Amino acid sequence: MKLTENQLLDAYKHMRDIREFEERLHDENTTGDISGFIHLYSGEEAVAVGVCENLTDKDYITSTHRGHGHCIAKGCDIHAMMAEIFGKDEGLCRGKGGSMHIADLDKGMLGANGIVGGGPPLAIGAALTAKTLKTGGIGLSFTGDGGSSHGLTFEAMNMAVVLQLPVIFIFENNGFGEGTGCDYAVGSKDIAGRAAGFGMPAEKVDGTDFFAVYEAAHKAIERAREGKGPSVIEATTNRFYSHFEGDPGLVRSKEEIEYIREHKDPLKIFRQKVKGQVSDEKLDQIDKDSKALVDDAVKKARAAKNPEVSQLYTDVYVSY
Amino acid sequence: MSKKSYRNAIKEAIEFEMRRDPTVVVIGEDVRGGHGAKNTEENKLEGFGGVLGVTKGLWTEFGSERVIDTPITESAIIGMTAGAAATGLRPIADLMFMDFYGVCYDMLYNQAAKFRYMFGGKAKAPMVVRGMIGAGFSAAAQHSQSPYHIFASTPGLKVVVPSSPYDAKGLLTQSIRDDDPVVFCEHKLLYDITGEVPDDDYTIPFGVANYTRQGTDVTIIALSLMVHRANEVADKLANEGISVEVVDPRTISPLDEEGILESVASTGRVVIVDESAARCGFAHDVAALIAQKGFYSLKAPIELVTPPHTPVPFSNVLEQAWLPSAERIEIAVRKVLEV
């Protein structure tokens, strides 16, 4: 599948924005100015971007606790995301959601989700809306290898087939559910293989390769849009960091992580693949722009005002 | 106005809203019934129309696209409902028995209930979860409970527990039009009671208690089936010159605190009847409210009439002993009058 230069630049820009955002959060988190849990998406960029480059605002995605990458890939505002993670009033959720609950329904982003397996049932709901109101949109869930074994996910997959919903289940297999390896915790050893049992097609792709993800997603999404029903994509990938910022980080050795950063970096792989098609200069410029953008987002988030305490009582119907 | 059953009042609310608003859909197992079965498919029959026939006729009028039969998988039912509600539909999920919340509560508790708040007011989940509550049907421990107190303790959920056909129609119409997730609790022993119900559509606002009996000596606060038992006791005691007021909050989240406290202020004696739980239930919540905000009106300790802290038993003898009875309510009323 041939992409235009603009499409390639757009994809790279999204991936680079995610990387900058996450690397910067890794640093900012050490200052103690960010509360709560942070789960970084560095290393998995090609999955979110490879998929979301095929989507529009009328398509809805659900995400996971490791959701920043999906948000950025789906078009959420980076300044508002950063302000949210800093708990500020200018945040996308006015500081009420935080890292694990960033959402922007106008962009078709139905929320990062603190519940493993929480996304797929919601994604089939979005697909039901699209089908019933004939919007032309689809629903799509990003779920990890951990969530792939969840009962919620299985129920949603079955329902999607029964009702022939326009929905895609993306399984990002980064090898670990928290600190437990998928070789241990996923009984079937192959997540994509489970789809057949539900009666839907599946494809397993190299999730470090933007183009592999893009093409598989393109096919599945077009299929869903044509009313041919749901499908599964398993994308194997790696997280550069541990489960959450500040965890013991013992499940992989330094050498393993160095190897991944050197040989499995989706951005490096992308740059190699587009050599001759897109100039290094243009890509370098994106690198600079992303850095400046994230830098500005952090500065503004730090300077932004906290929510008024009265906000505690808004956006819910009653307060006793 | 005409006489209608509680069951038909509920169906009317749904059917009127489905005609009025094309985004209203019904989702659940056997809301039609008979998908995938030869006889029902060939003859275009509704196999069930809801397990106890509440939604019978809707599929014939609206078809499979809006009356959506699902597998018997409650997490997917409620999750799909939540996702659809957040993206433009106004779905009504049928959980069948409220007891089944145990297998799917994440989709209400952690998802739908929290969308609006957690996403900073930029999302909503206009959905209704209908389900049956209540003992007295010999349905045993997993099909007889009334867990509305669990729902009411969850911020973001509205909880409706109607006791009459009139309330059922008006409150369900309000529930469907409401922009927040509503849990609508239907007592299975009330489906066949009848009452005057307007033929047109109407709404009853949430958080407004109904005084089903007016009185001056004792206040009984009760919900759902228990309202009928309280009324029975009030009518009986009226013959002895004891004047009992019965307050039916109708919705417990929001709760009409003023409506309750006003009655307590006028009688000073309170009995709370509640089918939910012997501990941490609706009765205990209202008792705490009265102790905190109505203490100086009280002339006697508050009496609670609840089931024992046991699962619901099967045997009819045991089940009748489990359910708060008119006799127990009467004893409680006499007790608060002794002081």
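This is a predicted model: local features need pLDDT of at least 70, side-chain atom pairs count only at pLDDT 80 or more; totals for chains, interfaces and linings use all residues.
How many bridges join strand β2 of chain B to strand β4 of chain B, and in which direction do the two strands run? Five bridges join β2 (residues 24-28) to β4 (residues 90-97), and the two strands run parallel.

Residues are numbered from 1 along each chain as its sequence is written, chains are lettered from A and ligands numbered from 1 in the order in which they are written, and side-chain values use heavy atoms, with hydrogens and water left out.

Let us stay with chain B and widen the view. Strands β2 and β4 belong to an open sheet of seven strands, in the order β3-β2-β4-β5-β7-β6-β12, with mixed pairing. At the edges stand β3 (67-69) and β12 (251-253), and because each has a single partner strand, one side of each is left without a neighbour in the sheet. From one strand to the next the twist averages 20°. Helix α8 (residues 165-177) of chain B packs on this sheet, touching β2, β4, β5 (128-133), β6 (158-160), β7 (182-187) and β12, and its direction makes about 160° with that of β7(B). Contact here means heavy atoms within 4.5 Å; axes are lines fitted to C-alpha atoms, for helices over the stretch in contact, and angles run from 0 to 180 degrees between N-to-C directions.

How is chain B divided into domains? The domain assignment gives domain 1 (2-197) and domain 2 (210-337), with bounds that come from an automatic or database assignment. Their centres, taken over C-alpha atoms, are separated by 27 Å, and each domain gives 28 residues to the contact. About 2100 Å² is buried between the two domains, 59% of it from carbon and sulfur atoms. Buried area is the accessible area (1.4 Å probe) that two parts lose on being put together, summed over both. The count between these domains is one salt bridge, a salt bridge being a side-chain nitrogen of Lys or Arg within 4 Å of a carboxyl oxygen of Asp or Glu. Elsewhere in the listing for chain B, D167(B) forms a salt bridge with R250(B), with the closest N and O atoms 2.9 Å apart.

The UniProt record (an unreviewed entry) places the feature "domain: Transketolase-like pyrimidine-binding" at residues 4-193 of chain B. UniProt positions follow the numbering used here, feature names are shortened, and annotations may be inferred rather than shown by experiment. The end C-alpha atoms of that span lie 8 Å apart, and the span is 35% helix and 17% strand.

Now turn to chain A. Here five strands form an open sheet in the order β1-β2-β3-β7-β6, with parallel pairing. Its edge strands are β1 (60-62) and β6 (202-206), each pairing on one side only. Five bridges join β6(A) to β7 (residues 231-236), and K204(A) has E234(A) as its bridge partner in β7(A).

Two backbone details deserve a look. Most residues other than glycine have a negative phi, and most peptide bonds are trans. In chain B, the peptide bond from S253(B) to P254(B) is cis, with omega near 5°, and P254(B) sits in the loop between β12 and α10 (257-267). In chain A, E178(A) has a positive phi of about 55° although it is not a glycine; this residue lies in the loop between β4 (176-177) and β5 (180-181).

Finally, bring the chains together. In the interface, 44 residues of chain B are in contact with 40 residues of chain A, and about 3400 Å² is buried, 68% of it from carbon and sulfur atoms. Across this interface there is one salt bridge: the side chains of K134(A) and E65(B) meet at 3.6 Å, N to O.

Notes
Helices (H or I, at least four residues) and strands (E, at least two) are DSSP runs, numbered from the N terminus. Two strands pair if DSSP finds at least two bridges between them.
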